[in-house]
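Hi everyone, thanks for making time. I'd like to walk you through one model this morning, helix by helix and then loop by loop.

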Amino acid sequence: MLTSPFNNLTKAIEKKLTYTLFYFLLISITVMRYFDRFLVNETAEFGIVSFELSKTLERAQEILNSWSTLSKTYAGLSLGYDFLFLFIYTLFISILIHKLNKKNWTNKPLYKLGEVLIWTMFLTAIFDCVENVSLIKLLIGGRQQLWVSVAYYFAFVKFLLIGISILYIIVNFFILLLKKRS
């Protein structure tokens with residue numbers, strides 16, 4: 001049976017962990033946006049995300065050709081830093097789901113949905129790792145459709161799971177606000 005990995009944390013530790021992850025998340029987003037500044041151009045309008053979702057070898061090659069040597073260096077830095085970032089964002093999203101789940105759904109059927117979403121964030125981290133390795137292979141010269149396809153499908157599922165989890169957080173945050181108002 002799935003249970004939240006945060007269940008045994010004291011309130012004080014849970015609060016410290018939440019704030020620490022939030023601060024690390026802000027710093028990491030700033031770092032990732034800095035790297036991405038060097039990757040955005042007419043061909044890769046969304047920087048590294050364009051590369052992640054390129055889907056075909058031709059499109060990936062087009063993006064790589066549009067990047068200078070400096071840009072490719074920043075792409076490598078971005079992919080390397082993402083191995084740290086993926087732990088930060090998945091843990092932060094997970095702990096938010098945990099906190100909202102406890103406040104809104106304890107002893108109710110929807111509680112299990114929150115627990116499942118918490119664990120899907122850890123699956124998301126694995127997907128992000130596989131995607132990163134595939135993109136690094138492309139970046140260093142492994143020009144094969146296999147790497148593009150692996151990166152695309154793992155990135156697509158990663159973004160889907162993140163989107164579902166963020167939607168869950170937003171909906172549950174508003175439910176919590178409505179509960180407090182009534």
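Predicted model: local features only at pLDDT ≥ 70, side-chain atom pairs only at ≥ 80, totals over all residues.

Residues are numbered from 1 along each chain as its sequence is written, and side-chain values use heavy atoms, with hydrogens and water left out.

Helices here are DSSP runs of H or I with at least four residues, numbered from the N terminus. Let's start with α1, residues 11–37. It has 27 residues and reaches 39 Å from its first C-alpha to its last, close to the 39 Å expected at 1.5 Å a residue; that expected span is 1.5 Å times one less than the number of residues. Which residues of α1 are buried? They are Glu14, Thr18, Leu21, Leu25, Ser28, Met32, Phe35 and Asp36, where buried means under 20% relative accessible area with a 1.4 Å probe, protein chains only. Their cover includes α2 and α4, counting heavy atoms within 4.5 Å as contact.

Now to α4, residues 69–105, and its partner α5, residues 111–139. Their axes come within 9 Å and cross at roughly 175°; axes are lines fitted to C-alpha atoms over the stretch in contact, with angles from 0 to 180 degrees between N-to-C directions. That makes α4 roughly antiparallel to α5, the word for angles over 145 degrees. By class, this contact has 20 nonpolar, 8 polar and 5 charged residues. Asp, Glu, Lys and Arg count as charged, Ala, Val, Leu, Ile, Met, Phe, Trp, Tyr, Cys and Pro as nonpolar, and the others, Gly among them, as polar.

α4 also packs against α6, residues 145–181, at an angle of about 35° with the axes 9 Å apart. The residues of this contact divide into 13 nonpolar, 4 polar and 3 charged. On the α4 side they include Tyr89, Ile93 and Trp105, and on the α6 side Ile162, Phe173 and Lys179.

Finally, the loops. Most residues other than glycine have a negative phi. Lys55, in the loop between α2 (48–52) and α3 (57–66), has phi near 70°. Asn107, in the loop between α4 and α5, has phi near 65°.

Terms used: Helix = DSSP H or I, 4+ residues; strand = E, 2+ residues; numbered from the N terminus. Parallel < 35°, antiparallel > 145°, perpendicular 65-115°, else oblique. Buried < 20%, exposed > 50% of the residue type's maximum accessible area, 1.4 Å probe, protein only.
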